[in-house]
Amino acid sequence: MTIKDTVRKYSQKLKYVTHIPAKEVEILIGFLLDKNNIWLHLNNNNEFEKEKELEKLVNKRATNYPLEYIIRKASFYGESFIVKEGVLIPRPETELLVENAIEILKDINGTVNVVEIGTGSGVISVILALLIDDIKIIALDINEKALELAYHNAIKHKVEDKIEFRLSNLYEKVTEDDIHMTISNPPYIANDYKLPDNVKYEPSNALFGGAIGDELLKDIIKETSIRDIEYLLCEMGYDQKKPLGEYLKTLNVKDYSFYQDYEKFDRGFTVKFKNKNK
Ligand SMILES: C[S@@+](CC[C@H](N)C(=O)[O-])C[C@H]1O[C@@H](n2cnc3c(N)ncnc32)[C@H](O)[C@@H]1O
């Protein structure tokens, strides 16, 4: 069977798990042949000789198993990252968090020191390291598998000298007192929330933030407020603006603002703390 006909045949099996079934089959074929999309389109009348392997991958994908875990990569901020099971797949809306951070960091003179809480695959820290010349990042996670993957992504993008990875529950392993900014996309879903099928293969410790969902976010806000760190930028759940806004009002905050994602859901915030020691 030709590549073109193979795509048509196997798209049928994926139409209930994705709105781009043909595109996903092409990606799987490209993965098996180690070829890019342009090559596939130029050669789509070639015989496809790996149908058995493709069938296995398509069947796996048809159970809602994420495409990114199958092909072991995901794109973020226009760059390609390694992903693997046990570590959260980066989401496009998190790019907004990075954009907000860059807006602030680009105006700081000298070396910028940043902490990332919950680095996962490392995408946030790696992009910051790629875009800000003089930066030192301490990237934290409680998941060893995530830290290992994040380190590999840092090497892949040649920024491993700018990022130090530490196994740490929140700030537990951070003793530095010259941090300008903390950035975090922490788990923020309520523990009893029933996840959609396409998320059930991702690690629960990257998703669930407590009985209500915002507990870890509040811990991060609180822990940052008692340190001499000027900025805190976090992603959050679409329904957490009100409780977090109220919580922020009880703290030593100079200014804060919330932002929305591409679908106009409330998705995160920037806090500027009153500088205590500077
Ligand atoms: C939503 S994922 C974000 C991953 C990545 N930063 C991203 O945006 O794609 C949250 C990450 O926080 C980590 N995490 C959860 N609880 C933590 C804690 N108490 N301290 C540090 N990291 C934590 C999880 O292991 C997970 O990697």
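This is a predicted model: local features need pLDDT of at least 70, side-chain atom pairs count only at pLDDT 80 or more; totals for chains, interfaces and linings use all residues.

What percentage of the 278 residues in the protein do buried residues make up? I got 37%.

**Overall build.** I counted 10 helices and 11 strands in the protein. The radius of gyration came out at 21 Å, close to the 19 Å that the globule rule gives for 278 residues, so the protein is as compact as a globular protein of that length. I also checked the span of the C-alpha trace along its principal axes, and that is about 70 × 40 × 30 Å. For contacts between residues at least 6 apart in sequence, I found that 63% join residues at least 24 apart.

**Domains.** The protein is split into domain 1, residues 3-63, and domain 2, residues 87-273. I looked up the distance between their C-alpha centres, and it is 35 Å.

**Cores.** Next I went for the largest nonpolar core, which has 55 residues. Ala101, Val114, Leu128, Ile137, Met181 and Leu233 touch the most other members.

Leaving out residues up to four places away in sequence, Leu128 touches Val98, Ala101, Val114, Ile135 and Ile137.

**Ligand shell.** Which residues are closest to the ligand? I have Gly118, Gly120, Asn143, Asn185 and Ala206 down as the closest, out of 22 that surround it. The elements giving two or more residues to this shell are α7 (123-131) and β4 (135-141). By type, I sorted the shell into 12 nonpolar residues, nine polar and one charged.

Two non-glycine residues went on my list for positive phi. Arg72 has a phi of about 60 degrees, and this arginine sits in the loop between α5 (67-71) and β1 (73-76). Leu170 has a phi near 45 degrees, and its place is in the loop between β5 (163-167) and β6 (181-184).

Is Arg72 buried or exposed? I counted 12 other C-beta atoms within 10 Å of Arg72, so it is exposed. Leu170 has 20 C-beta neighbours inside 10 Å, and therefore counts as buried.

Notes:
Residues are numbered from 1 along each chain as its sequence is written. Helices (H or I, at least four residues) and strands (E, at least two) are DSSP runs, numbered from the N terminus. A residue is near a molecule or strand if its C-beta atom, placed from the backbone, lies within 6 Å of it. Ala, Val, Leu, Ile, Met, Phe, Trp, Tyr, Cys and Pro count as nonpolar, Asp, Glu, Lys and Arg as charged, and the others, Gly among them, as polar. Domain bounds come from an automatic or database domain assignment. A nonpolar core is a set of buried Ala, Val, Leu, Ile, Met, Phe, Trp, Tyr and Cys residues joined through C-beta atoms within 7 Å. Two residues are in contact if their C-beta atoms, placed from the backbone, lie within 7 Å. The radius of gyration is taken over C-alpha atoms; the globule rule is 2.2 Å times the number of residues to the power 0.38.
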